[in-house]
Amino acid sequence: MNLPDFMSYSNKFTNSEFLEKISRIAKRAGAKLVYAALILYYTLQSKEISVKDKAIIIGALGYLISPLDVIPDAIPIAGLGDDLAVLIFVLNKIWGNVSDEVKEKAKEKLNKWFDEDEIKEIDTLFDKED
């Protein structure tokens, strides 16, 4: 799968639009996508992250909240697959800079939207999708 130029979506990202979309699609998207998005969102707020990394995070989160996707979100199952691919791609690039505090904050937020069994999905965050 070829990833889109997600940097072209950076102008779509705003804090309020991100939070609104993620809360609206949480159950349909699954814990893995939501956790990846939350990790990027909370990492973006960190003073420890470089401007370059912030730029790619903003691009990825902008792609997530944009209504214009390679695969429209309304298509069941596949619709959010491209969003997850972009988030995982960026997360792999910045993972070494993600603090334990950010990971914990994201898990705490997941607990509000998902049950324990659903949260187990995040254990396979970097596993290749079938």
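Predicted model: local features only at pLDDT ≥ 70, side-chain atom pairs only at ≥ 80, totals over all residues.
A search of the whole structure returns three aromatic pairs, and one aromatic cluster brings together Phe-13, Phe-18, Tyr-41 and Tyr-42.

## Overall architecture and confidence

The average pLDDT of the protein is 83, and 83% of the residues score at least 70. Confidence is lowest in helix α1 (residues 15-29), where the mean is 80, and highest in α2, where the value is 94, a contrast to keep in mind when reading the details of α1 below.

## Helix α1 and its kink

Helix α1 carries a kink of about 35 degrees, and the bend is centred on Ser-23. The buried residues of α1 are Phe-18, Lys-21, Ile-22, Ile-25, Ala-26 and Ala-29. An α-helix has 3.6 residues a turn, so residues three or four places apart point the same way. The cover over the buried residues of α1 includes α2, α3 and α5 (100-113), and just after the helix, Gly-30 takes a positive phi of about 95 degrees.

## Helix α2, enclosed by the rest

How many of the 14 residues of α2 are buried? The count is 14 of the 14, so this helix is largely enclosed by the rest of the structure. The end C-alpha atoms of α2 are 20 Å apart, in agreement with the 20 Å that 14 residues should span at 1.5 Å a residue.

Lys-32 is found in α2, and this lysine counts as buried because its relative accessibility of 10% falls under the 20% cut-off. Lys-32 and Thr-124 are 92 residues apart in sequence, yet their C-alpha atoms are 7.9 Å apart in space.

## Helix α4 and its packing partners

Helix α4 (residues 81-94) has 14 residues and reaches 20 Å from its first C-alpha to its last, close to the 20 Å expected at 1.5 Å a residue. Its buried residues are Asp-82, Asp-83, Leu-84, Val-86, Leu-87, Ile-88, Val-90, Leu-91 and Ile-94, and they pack against α2 (31-44) and α3 (51-65).

Leu-87, which is placed in α4, is buried with a relative accessible area of 0%. Beyond the residues up to four places away in sequence, Leu-87 touches Leu-33, Ala-36, Ala-37, Leu-40, Ala-60, Leu-61 and Leu-64; of these partners, Leu-61 is 26 residues away from Leu-87 in sequence and 7.5 Å away in space, C-alpha to C-alpha. Leu-91, also in α4, is likewise buried, with a relative accessible area of 0%. Leaving aside neighbours within four places, Leu-91 is in contact with Ala-36, Ile-39, Leu-40, Leu-125 and Phe-126, while Leu-91 and Ile-57 are 34 residues apart in sequence and 8.3 Å apart from C-alpha to C-alpha.

## The segment after α6

Asp-127 lies in the segment that follows α6 (116-119). Is Asp-127 buried or partly exposed? With a relative accessible area of 46%, Asp-127 is partly exposed, because that value lies between the 20% and 50% cut-offs. Asp-127 and Ile-88 are 39 residues apart in sequence and 9.7 Å apart in space, C-alpha to C-alpha, and Ile-88 is one of the buried residues of α4. Contacts with Leu-91 also come from this part of the sequence, including those made by Leu-125 and Phe-126.

Terms used. Residues numbered from 1 in each chain as written. Heavy atoms only, no water. Phe/Tyr/Trp six-rings, centres within 6.5 Å; stacked < 30°, edge-to-face > 60°. Helix = DSSP H or I, 4+ residues; strand = E, 2+ residues; numbered from the N terminus. Expected span 1.5 Å × (residues − 1). Buried < 20%, exposed > 50% of the residue type's maximum accessible area, 1.4 Å probe, protein only. Contact = heavy atoms within 4.5 Å. pLDDT = per-residue confidence, 0-100. Bend = angle between axes of the 7 residues up to and from the residue.
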